[in-house]
Amino acid sequence: CSSDLALQTMNESFNETLQYLEKIAHRFNYALNPDEKALNRLVDHLSKMKAENGKYFCPCKQNYPLDTKTDPICPCNTFRDEVAHQGHCECHLFFDRDAAIQAKRRPGLLAAVECPG
């Protein structure tokens with residue numbers, strides 16, 4: 001069935017994106033957003049960006065409509081500075097490990113995050 005194939009492709013894309021983000025987090029000793037629902041929303045958005053545009057465009061810093069020539073790719077150039085100053089990047093995707101632990105202890109803390117737009 002074609003819908004089964006589409007679902008399988010979506011799942012593979014989601015898993016590929018999650019693995020990409022986990023590698024980045026590991027490389028910088030960061031954690032991914034500890035809120036599973038928020039993380040899944042971000043990973044899904046990035047997966048769609050990759051499928052539609054060939055790149056992982058930053059979920060929160062892209063223009064609407066997307067400008068593939070100027071919009072930043074995730075991780076963006078400022079994500080490390082943002083994590084250093086805020087404990088997480090603007091998109092709430094990458095967290096320093098302490099901030100991730102604190103966020104886990106406060107359920108619902110990230111529920112208001114609207115990103116991706």
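Leaving aside neighbours within four places in sequence, which residues is Q62 in contact with? The legends below start from this residue in the predicted model.

View 1. Apart from neighbours within four places in sequence, Q62 is in contact with H45, M49, F57 and D71. With H45 there is also a polar contact: the two side chains are joined at 3.5 Å. Q62 has a relative accessibility of 8%, and therefore counts as buried, the cut-off being under 20%.

**View 2. The aromatic pair of Y20 and Y56.** Five aromatic pairs are found in a search of the whole structure. In the pair shown here, the ring centres of Y20 and Y56 are 4.5 Å apart and the planes meet at 20°, so the pair is stacked. Y20 belongs to helix α1, while Y56 sits in the loop between α2 and α3, so the pair ties together parts that are 36 residues apart in sequence. The two residues are described by these accessibilities: Y20 is partly exposed at 28% relative accessibility, whereas Y56, at 7%, is buried.

**View 3. The aromatic pair of F28 and F79.** This pair is edge-to-face, with 5.4 Å from centre to centre and 85° between the planes. F28 lies in the loop between α1 and β1 and F79 in helix α3; the pair links these distant parts of the chain, 51 residues apart. F28 has a relative accessible area of 22% and is partly exposed. F79, at 5% relative accessibility, counts as buried. Both rings also belong to one aromatic cluster, formed by F28, Y30, F79 and F94.

**View 4. The largest nonpolar core.** This core has 20 residues. The members that touch the most other members are L21, L32, C74, F79, C89, L93 and F94. At least two residues of the core come from each of α1 (2-27), β1 (30-32), α2 (36-53) and α3 (79-86). Two residues of the aromatic cluster, F79 and F94, are among the members named here.

**View 5. Another core, apart from the largest one.**

How values were computed: Residues numbered from 1 in each chain as written. Predicted model: local features only at pLDDT ≥ 70, side-chain atom pairs only at ≥ 80, totals over all residues. Heavy atoms only, no water. Core = buried A, V, L, I, M, F, W, Y, C linked by side-chain atoms within 4.5 Å. Buried < 20%, exposed > 50% of the residue type's maximum accessible area, 1.4 Å probe, protein only. Helix = DSSP H or I, 4+ residues; strand = E, 2+ residues; numbered from the N terminus. Phe/Tyr/Trp six-rings, centres within 6.5 Å; stacked < 30°, edge-to-face > 60°. Polar contact = N/O pair within 3.5 Å; in protein donor to acceptor, adjacent residues only side chain to side chain. Contact = heavy atoms within 4.5 Å.
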